[in-house]
Amino acid sequence: MNGIKNNSVFSIIILQIFLVAKATETINTLIPSSCSPFGDSPGVHQLNVSGVGFFDVLCDSQLAGPGWIVIQQRVGGNEDFNRDSATYRNGFGSFESDFFLGLEKIHRITSLQRYELYIHLVDEDGRTYNARYDDFKISDKDNGYALSLGKFSGTIPDAMRSGEFSRFPTNMESPWWYHTHIDCNLNVPYWRRPFWMSISLREVKMLIRPKGSDEEVSN
Ligand SMILES: *[C@@H]1O[C@H](CO)[C@@H](O)[C@H](O)[C@H]1NC(C)=O
């Protein structure tokens, strides 16, 4: 009698262990849509974003706190940034060097929730600057991947504002958002130097992460 009772209690425990393991497995195999879960393990990770599916991104936790997705990087590589609109839409380059993640991916990621943009800039003399926007978004293809920025903060003047709400140009060499004039262009060929106002840059990184990640981490 006792043996049978003990046996069924044993099976229930085994079943519970199995169910907990199953649930954990489901959580572990869901692929995130941002770099936030990879704050402690920067580098290349896979994301899963509605509308584009699975793709690799470079995550950064060095420049401005944990869990940023790098969407554009210029670190002196010889990647060609004079590309046609299809190439800008899909992305190009290499995570080890210079790259652009792609307008469609950036649009889809920034449609999921509110995102902030952090731009890291290094001038010819090695001085570093940052520019930060608290509600960064790119519209869909039909609306020309138009730029929205939110509020600015940073250690350098706000040079992207003059391109806000403009479409990403489709017939421009080294395309960059601009309206009547252009105050910065981070897609200029490296030998001509990307620029921000009058400052020539030898290094650029554009990072995005869900707005509020800081608060989540410090809580
Ligand atoms: C990928 O994302 C879709 C929603 O966009 C979701 O339905 C699916 O379960 C996700 N798959 C994984 C493995 O994360």
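Helix H3 (residues 103-112) is mostly covered, with seven of its ten residues buried. Buried means 20 or more other C-beta atoms within 10 Å of the residue's own, exposed means 12 or fewer, and partly exposed lies in between, with C-beta atoms placed from the backbone. The buried residues of H3 are Leu103, Lys105, Ile106, His107, Arg108, Ile109 and Thr110. This is a predicted model: local features need pLDDT of at least 70, side-chain atom pairs count only at pLDDT 80 or more, and totals for chains, interfaces and linings use all residues. Residues are numbered from 1 along each chain as its sequence is written.

**Overall fold**
- The chain has four helices and 13 strands. Helices (H or I, at least four residues) and strands (E, at least two) are DSSP runs, numbered from the N terminus.
- Of the chain's 219 residues, 32% count as buried.
- Among contacts between residues at least 6 apart in sequence, 47% join residues at least 24 apart. A contact means C-beta atoms, placed from the backbone, within 7 Å.

**Nonpolar core**
- The largest nonpolar core holds 44 residues, and Trp68, Ile69, Leu117 and Ile208 touch the most other members. Two or more residues come from each of several elements, among them H3, strand S3 (68-74), strand S6 (115-123) and strand S13 (199-210).
- Such a core is a set of buried Ala, Val, Leu, Ile, Met, Phe, Trp, Tyr and Cys residues joined through C-beta atoms within 7 Å.
- Not counting residues up to four places away in sequence, Ile69 touches Ser34, Cys35, Val57, Cys59, Ile109, Leu207, Ile208 and Arg209.

**Arg209**
- Arg209 is found in strand S13. Arg209 is buried because 26 other C-beta atoms lie within 10 Å.
- Beyond four places in sequence, the residues that Arg209 touches include Ser36, Gly67, Trp68, Tyr115 and Glu116.
- Arg209 and Cys35 are 174 residues apart along the chain, yet their C-alpha atoms are separated by 7.2 Å.

**Pro32**
- Pro32 is found in the loop between helix H1 (2-29) and strand S1 (43-49).
- With 14 other C-beta atoms within 10 Å, Pro32 is partly exposed.
- Leaving aside neighbours within four places in sequence, Pro32 is in contact with Pro37 and Leu47.

**Ligand shell**
- Thr29, Leu30, Ile31, Asn48 and Ser50 surround the ligand. Near means a C-beta atom, placed from the backbone, within 6 Å.
- The shell divides into two nonpolar, three polar and no charged residues. Ala, Val, Leu, Ile, Met, Phe, Trp, Tyr, Cys and Pro count as nonpolar, Asp, Glu, Lys and Arg as charged, and the others, Gly among them, as polar.

Key: Contact = placed C-beta atoms within 7 Å.
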